[in-house]
Amino acid sequence: MSTLDQCPSSKKSGLPVEKPLEARDVSAATGKAYWRSLDDLAGTGEFKEFLHREFPAFASELLDGSRRHFLRLMGASLALAGAASVPGCRRPDHKILAYNQDPEHIVPGKPLFYATAMPLPGGSCEGLLAETYEGRPTKLEGNPVHPVNMGRSSVMAQAAILDLYDPDRDPAVFQETSKGAVSVTAWSAFEAFAKSHFPTFDASKGAKLSFLVEKATSPSRDAGRDRILRRWPEAKWHVYDASDSGATDDGARMAFGSAMKAVYNVEKARTIVSLDRDFLGTDGSLEESRGFAAARFVPGQRAVEAKMSRIYSVESTMTLTGGQADHRLRMKPTAIPAIAAAMAAAVGARG
C-alpha cells in the first residue's frame, strides 16, 4: 500500500502504512480458528490492502488539491451520467394514444373490482374477484357471493395473477412431426396447413381424424366441437387432462354407471376417513377445505365444548391431510385396498 492510498486520518496521525494483521477469531467452544476467505488464510497482499483501507482506492486524492480540482472531478462524473441519457443507453419512449374519453368507472389510483372465474383441472371453475388499477389486474381473491368460494381463494388462484406478467410466455405455435421432432411455427403456417389438409377428410366423413383437447368448461369450445362433428361425423374427439385420475372415473362408472365427479359435504361429517387422498391439498378442492374448516371450528364455543369432527388419515406419503389428521396411519399403497375392504366389511357393506 502506498502513502498516496493511505487513509488520510491515519496518515495525519503518523500511523504506519502497514498494520499488523489482527488475530483470527477463535471459537470459545471448539478452539478452532476461522477466516473470512482463502485469501485471508493465505495472507495475500491484496487482502491486507482491502482489510486496512478505510475508504475506497484513491479516495484520498479527492481531499488533496484545490476546490477547482474537486469541481473538475465532480463535473466529469456528471458529464458521464448525462451520457447515459442518450437514446442508445436508456429505455425507449413509446408513443401511446391517450384517452379521448375517460373509461367508465375508472378513477386513477382507486381499485376497480371485476367478478370473474378461473377454470380448474377437471372442468370446474373457481369464482374470483379481480382487483384492477387503470385496467391492470393486480390481485385475485375469492368472490364472497360465490356458493363454493364464499370469499376464499386457492393457491392456484393466488399464483394465477403471475401468469399475466410472465415474460417467458411463448406465443408461438409448436408442431410435432411423425418422427417426434418439435418445431416452432406461426398461426399463418397452421392456417395454410389447415386449408389444404382438412378438406381431404370430407369424402371419408372424418375417418382416421382425431382431435386431442384438454378438459374445459367452455360453451364456445363445445360449439366448435359440435360444428366439427357435424362436418366429420366419423372423427374422434378425445378429452385428456394430465392431472386427471382415471381410477376415480372408473370407480364412478362402477358405482353409478357413468363417470361422475364426487362432491363431498365435509362440513356435515363428524368422522372423516381419508384413504390415501389429500383432500386438503392437491387432491381436493376449495369447497372441501372450507367444509373441513367449518366442521373443525364452531364460533362462540370453546374447543372442549364444540363437537369438532375427527379425521383419520391412512396414507403412503406425507400430505397436508395427514398433517391435520387427529390420527395418521402410515401404510403402503398396495395395502390401501385391504384397509378399504376391512372398513366396508365392518360397516356391513355387501360385495
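Let's start at R310, which is partly exposed at 38% relative accessibility (partly exposed is what falls between buried, under 20% relative accessible area, and exposed, over 50%, with a 1.4 Å probe and protein chains only). Keep in mind that this is a predicted model, where local features need pLDDT of at least 70 and side-chain atom pairs count only at pLDDT 80 or more, while totals for chains, interfaces and linings use all residues. Residues are numbered from 1 along each chain as its sequence is written, and side-chain values use heavy atoms, with hydrogens and water left out.

R310 has a partner: its side chain meets that of D326 in a salt bridge (3.7 Å, N to O). The term covers a side-chain nitrogen of Lys or Arg within 4 Å of a carboxyl oxygen of Asp or Glu. R310 sits in strand 11 (residues 310–315) and D326 in the loop between helix 10 (320–324) and strand 12 (327–330), so the pair ties together parts that are 16 residues apart in sequence. Helices here are DSSP runs of H or I with at least four residues, strands are runs of E with at least two, and both are numbered from the N terminus. D326 is partly exposed too, at 27% relative accessibility.

The structure holds 8 salt bridges. Another one of them joins R277 and E288, at 3.3 Å from N to O. Here R277 belongs to the loop between strand 10 (271–275) and helix 9, and E288 to helix 9, so the pair links parts 11 residues apart in sequence. R277 is partly exposed at 28%, whereas E288 is buried, with a relative accessible area of 6%. Then there is D226 with R225, whose closest N and O atoms are 3.4 Å apart. D226 is partly exposed at 32% relative accessible area, and R225 is partly exposed at 26%.

R277 also takes us to the pockets. The largest pocket has a volume of about 1600 Å³, and of its 42 lining residues, K261, R277, D283, G284 and S285 are the closest to its centre. Strand 4 (125–133), helix 5 (155–163), helix 8 (246–256) and helix 9 (286–296) are the elements that give two or more residues to this lining, with the largest share, 5 residues, coming from helix 8. A pocket, on a 1 Å grid over the protein atoms alone, is an open set of points where a 1.4 Å probe fits, with protein on both sides within 12 Å along at least five of seven lines; lining residues have an atom within 4 Å of a point. Grid points are joined across faces, edges and corners, and the volume is the space filled by probe spheres set on them.

By class, that lining has 16 nonpolar, 14 polar and 12 charged residues. Nonpolar takes in Ala, Val, Leu, Ile, Met, Phe, Trp, Tyr, Cys and Pro, charged means Asp, Glu, Lys and Arg, and the others, Gly among them, are polar.

Now for the second largest pocket, with a volume of about 650 Å³. It is lined by 20 residues, and F190, F193, A194, F198 and F211 lie nearest its centre. Strand 6 (173–176), helix 6 (187–197), strand 8 (210–213) and helix 7 (219–231) each supply at least two lining residues; helix 6 gives the largest share, 6 residues. The lining of this second largest pocket divides into 14 nonpolar, 4 polar and 2 charged residues.
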